[in-house]
Amino acid sequence: MSQQKPYEQENYSVSPEIIYHGDRKFKYIVIQEGVYLPVAQLHYTEAPNYFPIPDNYIIQTTWGRTSNCRIIQCSIYYAEGIPHYLICFGDNFQYQVVSAKSPFDASVELHRVSFSKKLIRKAYKN
């Protein structure tokens with residue numbers, strides 16, 4: 001059984017919407033493209049892709065399954081020369097988690113915080 005290589009479907013000059021096809025399919029919307037710092041200050045993603053990481057890059061995407069889907073806003077900003085990965089969530093993006101390690105680390109924190117909020121809501125209902 002051959003597995004198709006992940007790819008993105010986009011027409012960015014016309015639409016800010018990008019659809020990722022991989023082991024799962026999801027959509028994200030580019031809110032702000034960001035800028036690339038001078039090479040001496042620029043950080044890169046890990047191998048094998050090794051892409052430059054922009055500053056002030058913002059997207060919105062969905063998180064969770066269809067029955068419990070939420071919109072989140074993800075951004076990258078440099079602070080003291082290090083990229084920080086910020087995820088804002090909530091009805092007005094009023095809650096946030098951030099990591100200076102990786103986008104994955106920020107997503108783990110989002111799951112942790114979201115899970116604890118669910119437990120708190122359940123306790124108040126009982």
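Select T61 and K27 to begin: the T61 side chain comes within 2.7 Å of the backbone oxygen of K27. This is a polar contact, that is, a pair of N or O atoms within 3.5 Å; within protein, one must be able to donate a hydrogen and the other to accept it, and residues adjacent in sequence count only if both atoms are side-chain atoms.

The model is predicted, so local features need pLDDT of at least 70 and side-chain atom pairs count only at pLDDT 80 or more, while totals for chains, interfaces and linings use all residues. Residues are numbered from 1 along each chain as its sequence is written, and side-chain values use heavy atoms, with hydrogens and water left out.

Stay on T61 and show the secondary structure. T61 lies in strand β4, residues 57-63; helices (H or I, at least four residues) and strands (E, at least two) are DSSP runs numbered from the N terminus. T61 counts as buried because its relative accessibility is 11%; buried means under 20% relative accessible area, exposed over 50%, and partly exposed in between (1.4 Å probe, protein chains only).

Next, display the surroundings of T61. Apart from neighbours within four places in sequence, its contacts (heavy atoms within 4.5 Å) are F26, K27, Y28, R70, I71, I72 and C74.

Move to β1 (residues 7-10) and β2 (residues 17-21). These strands run antiparallel and are joined by four bridges; two strands pair if DSSP finds at least two bridges between them. Pick E10 and look across to I18, its bridge partner in β2. Six residues separate β1 from β2 in this hairpin.

Now select Y44, in the loop between β3 (25-32) and β4. Y44 counts as partly exposed because its relative accessibility is 33%.

Finish at S107 in helix α1, residues 103-125. S107 counts as partly exposed because its relative accessibility is 24%.
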